[in-house]
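Me: I am new to this structure. Please show me how to read a few of its features.

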Amino acid sequence: MKILGWVTLLVFATAVFASTEDPIAVALLTEANFDSLVINSTQNWFIMFHAPWCPHCVRLKPTWADLTTEVSKFNVRMAWINCDDNPLLKDRFAITGFPTLLYFSNGKYYEYSGKRDLELLANFAKGGYKSVSAEDIPTQPSSLRLFWRIFVKSIARFVDMFETNPTLAWGIVAAGIVMMVLSCCISEWIVQKMERKYAPNGAHSPPRTASASASEPQPVSNLSLIHISEPTRLLSISYAVFC
């Protein structure tokens, strides 16, 4: 009977402890609670935007949890957002890589781009963020504005890559050049093949006789080939430049 009483007490205490939110635990933010907890908060927030399949995010999570103790005395809450489950927040802040670390304070946010070291992250949260340019917290952007923000942010990340990992950056440039050359060669091959197949023999096509079958295919004119070939070349060049 005494054992049953102790077990009941233990279960009750565990339930009470589990229902009490740890004030320095890493918070799980979603699209439903982000504005109410972060935007309208008097606290500062250091948030990791992550994806569960990202190995860099998995490696950073223990460090991120350890930061809660380091920064709790400075009125800073730690949190993470699963971008796979919250695509609107991912688009809202134009997240293009994982993990992305954003610090929120007084209606502004600051992006951390240093090494993912416990001491450096703690220093950033304790006041180092002030050395980084502040960004206004965006509302949900339009598609065009979102595309432009992602494009600018991607260019900035690529430029930074030349400083942090120049080998990888030049490798991407080389791969882009190879893709451009291949795209142009393939499109030109397709156009040449179309011209050989459909172009009429000689400058003029022979006139059709009245007895010719109505279903007999007519040769494609040079004008039609221009309509086909030039857009194909233009499309291939555009694709190559985009790559």
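Reply: Start with a term: two residues are in contact when heavy atoms of theirs lie within 4.5 Å. Keep in mind that this is a predicted model.

Me: Which elements cover the buried residues of helix 5?

Reply: The cover includes strand 2 (44–50), helix 3 (55–71), strand 3 (76–82), strand 4 (100–105) and strand 5 (108–112).

Me: Which residues of helix 5 are buried?

Reply: Helix 5 spans residues 118–126, and Leu-121, Ala-122, Phe-124 and Ala-125 are buried there. Viewed down the helix axis, these buried residues fall within an arc of 160 degrees, so they line one face of helix 5. The general idea is that an α-helix has 3.6 residues a turn, so residues three or four places apart point the same way.

Me: What is found at the start of helix 5, and what follows the helix?

Reply: At the start, a side-chain oxygen of Asp-117 comes to within 3.1 Å of the backbone nitrogen of Glu-119. After helix 5 comes Gly-127, with a positive phi near 155 degrees.

Me: Is Tyr-129 buried or exposed?

Reply: Buried means under 20% relative accessible area. Tyr-129 has 9%, so it is buried. Tyr-129 sits in the loop between helix 5 and strand 6 (135–136). Beyond its neighbours within four places in sequence, Tyr-129 is in contact with Asn-44, Tyr-103, Ser-105, Tyr-110 and Phe-124.

Me: Which residues make the nonpolar surface patch of about 490 Å²?

Reply: Val-178, Leu-182, Ile-186, Trp-189 and Ile-190 make that patch. One of them, Ile-186, belongs to helix 7 (residues 166–198).

Terms used
Residues are numbered from 1 along each chain as its sequence is written. This is a predicted model: local features need pLDDT of at least 70, side-chain atom pairs count only at pLDDT 80 or more; totals for chains, interfaces and linings use all residues. Side-chain values use heavy atoms; hydrogens and water are left out. Buried means under 20% relative accessible area, exposed over 50%, partly exposed in between (1.4 Å probe, protein chains only). Helices (H or I, at least four residues) and strands (E, at least two) are DSSP runs, numbered from the N terminus. The arc is that of the directions from the helix axis to the C-beta atoms. A polar contact is a pair of N or O atoms within 3.5 Å; within protein, one must be able to donate a hydrogen and the other to accept it, and residues adjacent in sequence count only if both atoms are side-chain atoms. Patches are made of residues with over 30% relative accessible area and no salt bridge: like charges are joined within 9 Å, nonpolar side chains (Val, Leu, Ile, Met, Phe, Trp, Tyr) within 5 Å. Accessible areas come from the Shrake-Rupley method with a 1.4 Å probe; for residues, only the protein chains shown count as cover. A salt bridge is a side-chain nitrogen of Lys or Arg within 4 Å of a carboxyl oxygen of Asp or Glu.
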